[in-house]
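Colleague: I'd like to go through this model with you. Can we take it one spot at a time?

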Amino acid sequence: MAGGSEARGGECGYYTTDDALSQVGFGRFQALVLAYAGVGWTAEAMEIMMLSFVGPSVKDEWGISGQQEGLITSVVFAGMIIGGFLGGVISDSYGRRIGFLFTAVVTGIFGFLSALSPNYMCLLTLRFIVGMGLGAGHVLGTWFLEFVPAANRGTWVVVFHCTWTFGTILQALIAWAIMPVLGWRWLIALSSTPCFILLIFYGITPESPRYLCSRGRTADAQFILERIAIMNNMALPSGTLIVAPQRRSDDVVDAETIVPLILSQDSAATDVCMSSSISRSINAFHTLVSRSLIRSTLLLWFVYFAFCFAYYGIVLLTSELSNGGRRCGPVGMHLWQQNDARLYRDVLVTSIAEFPGLILAALFVDKVGRKLSMGAFAFLCLVSIAPLAAPLEEGLATVLLFSARTCITGSYAVLYIYGPEIYPSSCRNTGVGVATSLGRIGGMIAPLIAVGLLESCHQKEAVFVFDLVLFLASVACALFPLETKGCQIQ
């Protein structure tokens with residue numbers, strides 16, 4: 001697909017953003033974008049992982065109940081549901097840079113302020129707002145993806161997701177050093193530091209050329225592409241930058257049907273089309289449920305929900321089954337139920353388990369495709385969990401849980417590549433934002449279902465529920481109408 005576009009562009013004197021990125025390749029410019037987006041993704045991971053350490057200390061200091069302790073986590077997820085919607089709408093209406101500025105400002109400032117919380121209700125309120133910032137974090141991944149050439153887009157986006165795993169490990173190490181000496185307030189304050197790094201360098205970050213083209217701002221997009229070419233020591237294709245019409249992958253578009261948007265400062269027509277951000281948002285939602293995308297959208301919603309449900313379910317199963325003597329009774333929502341030394345150890349071990357999944361995803365995503373990679377990882381996760389329905393010795397259970405965490409991480413990494421690729425630039429972040437918000441609901445439901453079953457000694461039923469969801473997710477992956485491996489994103 002990409003090759004055909006390059007050929008037509010060369011012959012007819014025009015080129016698209018994909019043609020330009022393919023020619024300049026992945027170089028120093030994209031490496032800097034990766035570093036910036038990676039800092040943001042590390043910050044997201046640290047804020048999420050911090051919840052595993054802060055709860056018990058807050059409970060001891062303020063004497064709150066176990067349910068109130070769990071609510072500290074729940075309000076963050078509730079905020080993420082709202083933030084996912086807001087981040088998508090903001091970045092599709094006002095630009096990717098404004099989208100991740102929202103993430104950095106809200107997460108960083110309110111994250112730091114929550115370290116100063118004088119009471120429980122104040123802490124809940126501030127953590128809810130932090131959750132809204134975290135929910136919009138998907139904008140960083142989409143922003144980076146829109147700078148990467150199609151040929152190796154999947155591999156580099158998986159590399160980007162390695163920064164999440166790095167963030168979880170870094171947070172565990174910081175907590176291990178800080179919590180016993182300085183307490184939970186210092187941990188929260190230090191965890192907000194990466195967000196302020198984003199704010200320091202925000203002024204030099206570029207807008208996505210794909211977004212600019214989707215808004216008819218081809219002159220600005222041309223300027224960004226020229227910067228990329230200079231930093232990568234490459235040259236742009238000859239001709240005029242144009243915006244190809246959005247189309248389904250099976251449509252054939254002849255040269256005569258593509259209308260070049262000549263680089264000009266006269267943007268009156270564009271201003272009329274973008275008269276209000278409200279109309280843009282409405283149009284974005286209409287696009288998501290349009291005839292050509294409705295099937296992909298509904299399947300994407302379910303797969304995000306299923307993978308998030310399975311991911312947090314596996315974390316919970318790891319916590320319970322690694323707690324050798326207590327097979328039944330109160331399970332708790334997270335890993336903080338165990339003593340401190342074992343808590344830090346378990347977080348490190350389970351986080352390390354994600355690296356093999358990311359490596360496998362990087363190896364296969366651009367070779368066998370997105371759909372097959374996602375479906376295969378989900379099915380292997382199902383196979384890894386199934387034996388846990390019966391009592392097993394600790395060593396075998398640990399191996400199976402490690403394998404399951406590896407597989408669900410690989411499937412999640414590929415999903416974060418595939419989701420943005422199926423939508424056009426005009427509604428890409430809105431589509432991903434809605435899907436990730438629905439996924440957070442799965443993350444909230446998973447502990448509630450698993451806790452109820454495990455507390456009543458129904459381990460077999462808990463495993464069956466997770467396996468059923470993973471099986472349906474594997475089927476859903478096979479039903480996606482589009483394979484985006486090596487294709488230009490719209």
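Colleague: Which helix is P209 in?

Modeller: P209 is in helix α11, residues 209-214. Helices here are DSSP runs of H or I with at least four residues, strands are E runs of at least two, and both are numbered from the N terminus. This is a predicted model, where local features need pLDDT of at least 70, side-chain atom pairs count only at pLDDT 80 or more, and totals for chains, interfaces and linings use all residues. Residues are numbered from 1 along each chain as its sequence is written, and side-chain values use heavy atoms, with hydrogens and water left out.

Colleague: Is P209 buried or exposed?

Modeller: P209 is buried, at 0% relative accessibility. Buried means under 20% relative accessible area, exposed over 50%, and partly exposed in between, with a 1.4 Å probe and protein chains only.

Colleague: What does P209 touch, leaving out residues up to four places away in sequence?

Modeller: T17, F147, A221, I224 and L225. Contact means heavy atoms within 4.5 Å. As for A219, its C-alpha is 9.7 Å from that of P209, and the two are 10 residues apart in sequence.

Colleague: T17 is on that list. Which residues of α2 are buried?

Modeller: T17 is one of them, along with D18, D19, A20, L21 and V24. That makes six of the eight residues in α2, which spans 17-24, so the helix is mostly covered by the under-20% cut-off.

Colleague: What follows α2?

Modeller: G25, with a positive phi near 75 degrees.

Colleague: Switching to cavities. How many are there of 30 Å³ or more?

Modeller: Five, from a search of the whole structure. A cavity is a set of points on a 1 Å grid, over the protein atoms alone, where a 1.4 Å probe fits but cannot get out. Grid points are joined across faces, edges and corners, and a volume is the space filled by probe spheres set on the points. The largest cavity holds about 250 Å³.

Colleague: What about T168, where is that?

Modeller: T168 is in helix α8 and is buried, with a relative accessible area of 2%. Its side chain reaches the backbone oxygen of T165 at 2.7 Å, where a polar contact is a pair of N or O atoms within 3.5 Å, one able to donate a hydrogen and the other to accept it, and sequence-adjacent residues count only if both atoms are side-chain atoms.

Colleague: What is I385 in contact with, leaving aside neighbours within four places?

Modeller: I314, L317, A404, V463, D467 and L470.

Colleague: Last one: what does the secondary structure of the chain come to?

Modeller: There are 21 helices and two strands. Of the 490 residues, 57% count as buried. Among contacts between residues at least 6 apart in sequence, 82% join residues at least 24 apart.

Note on methods
1 Å grid on protein atoms, 1.4 Å probe; cavity = no way out; pocket = protein on both sides within 12 Å on 5 of 7 lines; lining within 4 Å.
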